[in-house]
Amino acid sequence: MSSETLAAGGAAPSVERQRWKAGKGAAKQLLGILGIIGFLATWELIPRLGLIDERFLPPASEVIAALVVDFGLTAFWVAVGETMKAWFLGLLMAVAAAVLLGFIIGSSEFLRKATNSTIEFLRPIPSVALIPLAVLLFGVKIESSLLLIVYASFWQVLIQVLYGVADVDMVANNTARTYGLGRMARIRYVVFPTALPYLMTGVRLAAAVALVLAITAELVIGSPGLGREIALAQSGGAISGMYALVLATGLIGVLINMLMRQIEKRILGWHSSIRSEVIV
């Protein structure tokens, strides 16, 4: 068989596979669009048919119109900026603290056993239970939001890092020690690559939790941001505006998840889980 034939035979399946992947991706996007249209249509019909009073659930068309109006208001973007600032700072502090403590605790059998009961006791405590403490310490400033965000996001990352460090192949670790690699070198070349997929999963989960706590803190405490604007709209009777702001927070959550997915794919392009997503 000639090289031209082999090349042609190899190229055809590749082209067919690319077409199949493109068709599958288009089908997923179409289903997602249909799902959104179905949700909005259902939302539109429920108040129009009188199943729920429009005073409590305005039609989707009114809410979307109010959201479009918000897009043109400076106050809206200022509130978005305040929320995103609290989200970013809280997530950054939580990830930094969790990564540092996770590698320190995970690298020591003694520390893992000594801190296990403390972690299991503190981790289930709801962050909203700390709202009175946050208000006493910081009032309604952004620091109150940061306290809640950091506490809730910290555990998401810490637990994943601990799992990642515990998943290190002991044969690889012992081999690195045999070849004379010190503790820091083993962490860099053996432990960190193993724990990185777990870390990225924890960061992606923490990003969503941080947004939830940012909105919650603003809604309950009154810190500047979208949560406070939602509370003000509700108390002022602007129900369509309130739902528009809620819809805006949902859109921000979707964008954050998409961003974290792209970062995860970029950083973990070498990992089997990401390669399998690309191949399938």
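Modeller: Contact here means heavy atoms within 4.5 Å. This is a predicted model, with local features needing pLDDT of at least 70 and side-chain atom pairs pLDDT 80 or more, while totals for chains, interfaces and linings use all residues. Numbering runs from 1 along each chain as its sequence is written, and side-chain values use heavy atoms, without hydrogens or water.

Biologist: Fine. What does Leu91 touch?

Modeller: Ile149, Val203, Ala206, Ala207 and Ala210, leaving aside residues up to four places away in sequence.

Biologist: And which residues have the most contacts inside the largest nonpolar core?

Modeller: Leu91 is one of them, along with Trp87, Leu148, Val157, Leu158, Leu226 and Ile256. That core has 62 residues (buried Ala, Val, Leu, Ile, Met, Phe, Trp, Tyr and Cys joined through side-chain atoms within 4.5 Å).

Biologist: Which element gives the largest share of this core?

Modeller: H8, with 15 residues. Helices are DSSP runs of H or I, at least four residues, numbered from the N terminus.

Biologist: Switching to Thr83. Where is the place of Thr83?

Modeller: In helix H3, which covers residues 74-106.

Biologist: Buried or exposed?

Modeller: Thr83 is buried, because its relative accessible area is 0% (buried is under 20%, exposed over 50%, partly exposed in between; 1.4 Å probe, protein chains only).

Biologist: What does Thr83 touch?

Modeller: Leu211, Ala214, Ile215, Glu218, Gly225 and Leu226, again not counting residues up to four places away in sequence.

Biologist: Back to H8. What happens just after H8?

Modeller: Gly222 takes a positive phi of about 100° there.

Key
Helix = DSSP H or I, 4+ residues; strand = E, 2+ residues; numbered from the N terminus.
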